[in-house]
Amino acid sequence: MIKTIFPIDIFKHCETPFYYYDLELLKATLREMKSHVKGLPYKVHYAVKANANPRILHEIREAGLSIDCVSGGEIVAALAAGFKGDAIAFAGVGKTDREIALGINHDIFCFNVESLPELDVINEIAATKGKKANVALRVNPNIDAHTHKYITTGLSENKFGINLELLDAAVDKALSLPDVNLMGLHFHIGSQLLDFTPYKMLCERINELQEHFENRGVSFKIINVGGGLGIDYANPDANPIPDFKGYFDTFKENLKLRPGQELHFELGRAIVGQCGSLITRVLYVKNGTTRNFAIVDAGMTDLIRPALYQAHHVVQNITSESVETAKYDIVGPICESSDKFASDESLPETQRGDLLALRSAGAYGEVMSMQYNCRRLPSSHFSRE
Ligand code: LLP
């Protein structure tokens, strides 16, 4: 069992708040993930949006993963980390002409196209460069992932992908355009999924679609099922590595891949989520009339998930030696009441100067930090390998 051990003596000299990444855990997670796709026609793209820290990207590239980008900036970050153009899948509902040109210049593996007009634009830009762009059509399969509404993407009311009713027209269009090459179909139904039933439904939908298109004489080289595998936010030490076996087995058992067809995945959170913690110092403990507040130097600007999605990250006091416990609301210094990490969190008696770790913050933590209130962006430190 891999358990993150915090090097507290080193932390005491570091300016807070900062992200701490356990590279051993990241490597173990990558090893475990790879063990389940070995020998299968599966390719995993790491979703950079989860964490674009160069040190993390380096580790992921070393492990041999491909990459999933959603902006020109992410393509630049991926290239800087040494990923080659042919490892890049590029998704996003609103790709600008400049971003499309960047992708074409680098001969990226595939554009995941989200609308019919986008197909025309990619075709035009590819033509001006004398190139042919590989595309997959992102389908909105109208499947409820039963996750938080802000991270549900596969319902027809969501802005993502091409609705099923328009898919025939989109396939016809892609096949008729001279400067795009239709490689496959792409799906992503949502994020932080722990129940695999929606994936099973997705597989069934894909089986139906494949049959439908084969009847029309159309076949696809790749099927991309996106990402979304969740992590155990409540038990980071007991479950540091997500259930890759259950996840990949769901596709192995339910999706009818055709001979020569490749199945692609775009995992973000499952790869980096558990290896990162946000380390923050307690500035003040203030006793209110009804609750105790532990006011810390990290805020929603450093980790926005609790404010934005009501997410709970386990809070650990990593320096207190007290055996007494008390309940605290853990709040930051930002001038917003939503700047709260936890309510009634039970911690060892906590005082000014203590260091707290907000666990499971490796995904959508550092990368979503911002400078509201003219704050400094958090820095990052890594475990020694
Ligand atoms: N592929 C596509 C097309 C996506 O939109 C996403 C995530 C992924 C892959 C990777 O999903 P993952 O494996 O990480 O679940 N900020 C939110 C999560 C937003 C996810 C957006 N799309 C959070 O903190 O929970």
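Helices (H or I, at least four residues) and strands (E, at least two) are DSSP runs, numbered from the N terminus. With that in hand, here are some close-up views to explore. The model is predicted, so local features need pLDDT of at least 70 and side-chain atom pairs count only at pLDDT 80 or more, while totals for chains, interfaces and linings use all residues. Residues are numbered from 1 along each chain as its sequence is written, and side-chain values use heavy atoms, with hydrogens and water left out.

View 1. Asp-107 is not a glycine, yet its phi is positive, near 45°. Its relative accessibility is 48%, so Asp-107 counts as partly exposed. (Buried means under 20% relative accessible area, exposed over 50%, and partly exposed in between, using a 1.4 Å probe and protein chains only.)

**View 2. Cys-374 and its positive phi.** The loop from strand 16 (355–358) to strand 17 (379–382) contains Cys-374. Here too a residue other than glycine has a positive phi, near 55°. Cys-374 is exposed, with a relative accessible area of 78%. For background, most residues other than glycine have a negative phi, and most peptide bonds are trans.

View 3. Thr-16 and Pro-17 are joined by a cis peptide bond, with omega at about -5°. Pro-17 sits in the loop between helix 1 (8–11) and strand 1 (18–21).

**View 4. Strand 1 and its two partners.** Follow strand 1 and you will see Phe-18 and Tyr-20 pointing one way, Tyr-19 and Tyr-21 the other way, and all of them buried. In a regular strand the side chains alternate between the two faces of the sheet. Strand 1 runs parallel to strand 17, and four bridges join them; two strands pair if DSSP finds at least two bridges between them. Phe-18 has Ser-379 as its bridge partner in strand 17. Strand 1 also pairs with strand 11 (residues 276–287), this time in the antiparallel sense over four bridges. There, Tyr-19 has Leu-278 as its bridge partner.

**View 5. Asn-51, a buried loop residue.** Asn-51 belongs to the loop between strand 2 (42–47) and helix 3 (54–62). Asn-51 is buried, with a relative accessible area of 1%. Its side chain reaches the backbone oxygen of Gly-362 at 2.9 Å. That is a polar contact: a pair of N or O atoms within 3.5 Å, where within protein one must be able to donate a hydrogen and the other to accept it, and residues adjacent in sequence count only if both atoms are side-chain atoms. Not counting residues up to four places away in sequence, Asn-51 touches several residues (contact means heavy atoms within 4.5 Å), including Tyr-21, Tyr-46 and Val-272.

**View 6. The shell around the ligand.** The ligand is surrounded by 18 residues, and the closest are Ser-191, Glu-266, Arg-305, Tyr-309 and Tyr-364. A residue is near a molecule if one of its heavy atoms lies within 4 Å of it. Strand 10 (262–267) and helix 11 (305–309) each supply at least two residues of this shell.

View 7. A side-chain N or O atom of Glu-266 is 2.7 Å from a nitrogen atom of the ligand. Oxygen atoms of the ligand lie 2.8 Å from a backbone N or O atom of Arg-269 and 2.6 Å from a polar side-chain atom of Tyr-364.
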